[in-house]
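Here's a walk through a protein model for someone meeting it for the first time. Have a look at the sequence and the fold, then read on.

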Amino acid sequence: NEILLAYPSSLPDVPISYTAMFKQSGDKTTAFSVKAGQFIKSIQQTKKAGTDSNAQQIRIFVLRKIDKARTKVVYTRQTDACELEKCSEAWTYGCANLPTFPFGSPRTPYPLETADILNRFWKQSGEIATDKFKPFPKYHGLELLMEPNLSVASDLHRVAESAMNIGSHLGNLCAKGELFHTPTLEKTKDMLAILGLFLNRKQIGKDQYMENLPYIYGQLLKVADELHALYCRVVRNDDIPPQLVGSSLFQSAAEAPSRTMQVLSQRLMPYYSWAKSYRLKNIKEPQKESWRAGWLYGLCERIMVKLQENWTAQTRFNDEEKAQLFIGYLAAFPKGEQIEQDVEEEAVHE
């Protein structure tokens, strides 16, 4: 068990919780940025006119109980309001280093929730593999918050492993429109937020990685799933298989991008050819609209052009690239494509 303690160099007249910004408590809807802002505003106020800040210095301790009689200090840091404000803003900015998603934007996890995300081991079925093995201590989130230059290599590797395990399952749920109704959704969002933070720490911003090969590859896998699902709804009477084309190749795409691309092209071709003819049918039945086939067909073409422009002869993706593949696989299609979808739909209905 770990115990977090924090106290100022001089006590204020009005009591303040000096641990509030590090963990979620009370109102579960309060965002980290809001809680951190409220805390920093409180500690920046002076206790009396003309005196120093309530928190010119703040000491943070994390204690771990070894047994009933012994307690060990496992983390300690001296900080102040200025540093806390700077670190919390960087944390919020990093966790928002993400594109838009069809299931909503991830919230910013509280620092002390980070270890829970890192220690979450997934089965490919979307179930938790174990809750007993916890290699990352609870206070690790404080280290990440307060030390922006701390290496995140091992952290990124851990979350990339989880992403590879559960990515196929999540992609299937997205294509079927079922992710909104699963308990996995919020945990998925937390994973995405932490990946956004880690990429930001490695100086990889969303404007950069959304043009990178792994992200675009993920988008192609997403289109493949959507096209396969539409085909099954129309041709197979809503009989959608357990795994779709893109999801079945998600893991192998990270391990062998070139070889997997050849397989993907072969498996996608029947649905791609079908969409080319179906898009002209003027079908308006919900979930089976012919304009959707035309939209996905066009998306597929444009993404393939982008892939060709960015293609490199890589044998496999590293952890940073796996993170980008995962994010691209779950992200919404570009805003311009969404607008084009609406325009095409209106044209069909005129």
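## A loop residue to start with

Asp239 sits in the loop between helix H8 (213–235) and helix H9 (245–248). Helices here are DSSP runs of H or I with at least four residues, strands are E runs of at least two, and both are numbered from the N terminus. With a relative accessible area of 52%, Asp239 is exposed; that word means over 50%, while buried means under 20% and partly exposed is anything in between (1.4 Å probe, protein chains only). Asp239 and Ala229 are 10 residues apart in sequence, and their C-alpha atoms are 8.9 Å apart in space.

A quick word on where this comes from: it's a predicted model, where local features need pLDDT of at least 70 and side-chain atom pairs count only at pLDDT 80 or more, though totals for chains, interfaces and linings use all residues. Residues are numbered from 1 along each chain as its sequence is written, and side-chain values use heavy atoms, with hydrogens and water left out.

## The whole chain

Stepping back, the protein chain has 14 helices and five strands. Its C-alpha atoms fill a box of roughly 75 × 45 × 35 Å along the principal axes. Of its 350 residues, 48% count as buried.

The accessible surface of the chain comes to about 17200 Å², and 50% of that belongs to carbon and sulfur atoms. Areas like this come from the Shrake-Rupley method with a 1.4 Å probe, and for residues only the protein chains shown count as cover. As for contacts between residues at least 6 apart in sequence, 73% join residues at least 24 apart; contact means heavy atoms within 4.5 Å.

## A three-stranded sheet

Now for the strands. Three of them make an open sheet in the order E1-E2-E3, with antiparallel pairing. Two strands pair if DSSP finds at least two bridges between them. In general, strands of a sheet pair through backbone hydrogen bonds, either parallel or antiparallel. The edges here are strand E1 (2–8) and strand E3 (71–79), each pairing on one side only. On average, neighbouring strands of this sheet are turned by 15° against each other, direction ignored; such angles run from 0 to 180 degrees between N-to-C directions, and axes are lines fitted to C-alpha atoms, for helices over the stretch in contact.

Which residue in E2 is the bridge partner of Tyr7? That's Arg59, and Arg59 also stands opposite Gln78 in E3. E1 and E2 pair over seven bridges, whereas eight bridges join strand E2 (residues 58–65) to E3. A hairpin of five residues joins E2 to E3.

## Two helices side by side

Helix H11 (residues 257–278) and helix H12 (residues 290–310) pack at an angle of about 145°, with their axes 9 Å apart. Their crossing is left-handed, the term for a near helix turned anticlockwise from the far one by less than a right angle (clockwise would be right-handed).

Who meets whom? From H11 come Met261, Leu268, Tyr272, Ala275, Lys276 and Tyr278, and they meet Ser290, Ala293, Tyr297, Cys300, Glu301 and Leu307 in H12. The residues of this contact divide into nine nonpolar, one polar and two charged. For that tally, Ala, Val, Leu, Ile, Met, Phe, Trp, Tyr, Cys and Pro count as nonpolar, Asp, Glu, Lys and Arg as charged, and the others, Gly among them, as polar.

The loop between H11 and H12 holds Asn282, which has a positive phi of about 60° although it is not a glycine. Asn282 is partly exposed, at 44% relative accessible area. Gln203, also not a glycine, has a positive phi of about 65°. You'll find Gln203 in the loop between helix H6 (184–201) and helix H7 (206–209), and at 66% relative accessibility Gln203 counts as exposed.

Leaving aside its neighbours within four places in sequence, Arg158 is in contact with Leu118, Arg120, Phe121 and Phe136.
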